Amino acid sequence: MPEAARIGVIGARGHTGRELLALILGHPRFELCFAGSRDLAGQPLSALEPGLGSRLEFEKIGAQSLVARNMDALILALPNGMAKEYVAVIDRHHTDCIVLDLSADHRFDRQWYYGLPELNRGAAPGKKRIANPGCYATAMQLAIAPVAALLDTAPCCFGVSGYSGAGTQPSERNDPAVLAGNLLPYQPTGHLHEREVGHQLGCTVRFMPHVAEFFRGISMTIALSLKDPLAIDKFAGCYRAQYADEPLVLLSDAIPKVADNVHRHHAVVGGWQVAKGGRQAVVYATLDNLLKGAATQALQNLNLAFGFPELEGIPHA
C-alpha cells in the first residue's frame, strides 16, 4: 500500500473527467501526475473548471508516451472503443500499474474486475484492471439486485438521464434547444447498458432510455413481476437487508427525486409499490450520473485497489 498514489487521467476534458479531477485533487492520498486532453493541451486545469487548483497543465498524451510516465494508476475516461492501445502499453511497460476504464470496453471481460462495490467488493482485492460500470447500469443493478432471485420475468426499466450523459460531442441528445420541453427516447433495443446489466445479474432486462432537458442525474423506474406474492414490507425488507451497511446507497419510502440527489455521491433506491395480489411491484432509483454513476464509483474502486478505506476522499452523509 503506497503512502500516496500517483494518478494519471486520459480524457480529462469530459463531464466525468471534470468530476474525477476534483475528487483526485481533494483526496488525501492521491496525487494527480498528469491530465490528458487534446483540446485543452497547454492550458491550466482551471480552463476546464475554475477552482481546480493545481500546478499542472493539460497535455496531449498518446499511448506510446505512457512508456516514460511514472504512475501508480491510470484512469481512462475515453469514448468507447479507444482504451485498447493505452491498455496495451500499460500491459507491456507498467505491469504493476492499476488501470481503471470508464468506457464499456472491458465490462464484459472476465479478466477485469467489474467495479460495483456494493454488490461485489469481495472480488476487488488484488485486481489491477478495473471496469467501471455504466451510470444507467449502476442504477438498474442497485434497484434489481436485492430481489433478482424473486423475479418471474424480465424487469422493465424506464430510464431518464440528464443530457450530460450524452457527452460533449454535439448531438440532438445534448442540445438544450432540441431538448427544451422534450423527452427524447433513444436506442430502445439492444442498448449497451441493457446487455451490461443482464450480463452481471444473469437475467434478461428490458431497458428504455430517454434524455431530458436537465443537465445531470438519472431517474429510473423499474417494473417487476414476482414469482410469488410478497407484501410490501417484505419487498422493502429485501432492500433494507441488502443495503443496511452501505453509506452510498440510501433507501427512501418516498419516490426519490433527481433534483434532491444531484451533486451527491450516493444513489437512492426506494418508493416501493406492490400491486394488489403481491406479484407486481415497482421500485425507483436515482443517482448523479457523473458521480455515483461514474467518478465517485471510480474513486471507490481505486481506494479498494490500493487498500485504502473505500470511502476515503468521498464526502458522504
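Modeller: Let's start in strand 13, where Ala285 is the bridge partner of Met220. This is a predicted model, in which local features need pLDDT of at least 70 and side-chain atom pairs count only at pLDDT 80 or more, while totals for chains, interfaces and linings use all residues. Residues are numbered from 1 along each chain as its sequence is written, and side-chain values use heavy atoms, with hydrogens and water left out.

Colleague: What makes strand 10 and strand 13 a pair?
Modeller: Two strands pair if DSSP finds at least two bridges between them. Strand 10 and strand 13 are joined by eight bridges, so they pair, and they run antiparallel. Strands themselves are DSSP runs of E, at least two residues long, and helices are runs of H or I of at least four, numbered from the N terminus.

Colleague: How do you know that strand 7 and strand 10 pair too?
Modeller: Six bridges link strand 7 (residues 156–161) to strand 10, in the antiparallel sense. In this pairing, Cys157 stands opposite Ile222 in strand 10.

Colleague: Why are strand 8 and strand 11 called edge strands?
Modeller: The open sheet has seven strands in the order 8-9-7-10-13-12-11, with mixed pairing. Strand 8 (184–185) and strand 11 (249–252) each pair on one side only.

Colleague: Why is Thr138 called buried?
Modeller: Buried means under 20% relative accessible area, exposed over 50%, and partly exposed in between (1.4 Å probe, protein chains only). Thr138 has 0% relative accessibility, so it counts as buried. Thr138 belongs to helix 4 (residues 135–144).

Colleague: What does the side chain of Thr138 reach at 2.9 Å?
Modeller: That side chain reaches the backbone oxygen of Gly134. A polar contact is a pair of N or O atoms within 3.5 Å; within protein, one must be able to donate a hydrogen and the other to accept it, and residues adjacent in sequence count only if both atoms are side-chain atoms.

Colleague: What makes a nonpolar core?
Modeller: It is a set of buried Ala, Val, Leu, Ile, Met, Phe, Trp, Tyr and Cys residues joined through side-chain atoms within 4.5 Å. The largest here has 39 residues, and Met140, Met220, Leu224 and Tyr239 touch the most other members. Helix 4 gives this core its largest share, eight residues.
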